Amino acid sequence: YQRRVHGGSAKLDQLYQSRYRDLVMHFREFFTPHYNLYQKINLREKVACYDKNPKSPDKYYDCITIIDERLRNNASNLQKKLGRAEDENLSCVTKCKEKVQGDEAKYESCISTCFTDLKKKGSETYLAFYDSILSKDPEYKILAKFR
């Protein structure tokens with residue numbers, strides 16, 4: 001999710017939006033294989049629920065419900081961690097706006113530091129998340145080689 005930095009000129013807001021969009025695209029591009037593997041593993045687990053209890057819908061629905069709950073909890077925890085990093089970034093960007101008072105070049109330099117920090121924190125958060133869940137999967141070990 002994206003937050004708008006209020007105050008200042010439209011040009012400064014455009015710089016912020018552009019930096020934010022670039023960062024989101026970076027995360028999307030880099031972490032899509034991780035996400036796809038995560039979903040693939042969860043689908044395998046759901047199929048295994050059915051395979052273990054093909055004649056007992058109550059049992060495999062319960063098993064699938066447990067997996068779905070884990071997915072929701074994981075997503076919520078990840079979102080909270082990323083939200084904290086994003087809040088810190090917003091604070092940094094706001095300080096930049098106050099400090100440079102409309103000087104576009106200084107603002108761009110200042111927010112560059114903010115977004116470098118956000119990229120680092122976001123990457124660390126995503127990697128820790130996927131490492132904790134996928135580290136034992138052989139396909140993940142291949143992904144990890146390309147970091």
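1. Helix H1 contributes the largest share of the lining of the largest pocket, namely 10 residues. Helices here are DSSP runs of H or I with at least four residues, strands are runs of E with at least two, and both are numbered from the N terminus. Lining residues have an atom within 4 Å of a pocket point; on a 1 Å grid over the protein atoms alone, a pocket is an open set of points where a 1.4 Å probe fits, with protein on both sides within 12 Å along at least five of seven lines.

2. The note concerns a predicted model, in which local features need pLDDT of at least 70 and side-chain atom pairs count only at pLDDT 80 or more, while totals for chains, interfaces and linings use all residues. Residues are numbered from 1 along each chain as its sequence is written, and side-chain values use heavy atoms, without hydrogens and water.

3. The largest pocket holds about 650 Å³ of space, a volume being the space filled by probe spheres set on grid points joined across faces, edges and corners. Of its 24 lining residues, Phe-27, Leu-78, Gln-79, Leu-82 and Tyr-126 are the closest to its centre. At least two lining residues come from each of H1, H2 (57-100) and H3 (104-134). By type, the lining comprises 17 nonpolar, five polar and two charged residues (nonpolar: Ala, Val, Leu, Ile, Met, Phe, Trp, Tyr, Cys and Pro; charged: Asp, Glu, Lys and Arg; polar: the others, Gly among them).

4. The chain is built of four helices and zero strands. Its radius of gyration, taken over C-alpha atoms, is 20 Å, well over the 15 Å that the globule rule gives for 147 residues, so the chain is more spread out than a compact globule; that rule is 2.2 Å times the number of residues to the power 0.38. The C-alpha trace spans about 70 × 35 × 20 Å along its principal axes.

5. H1 (residues 10-52) has 43 residues and should span 63 Å at 1.5 Å a residue, which agrees with the 58 Å between its end C-alpha atoms. The expected span is 1.5 Å times one less than the number of residues. H1 has a kink of about 50 degrees at Phe-31, shortly before Pro-33, the bend being the angle between axes fitted to the seven residues ending there and the seven starting there.
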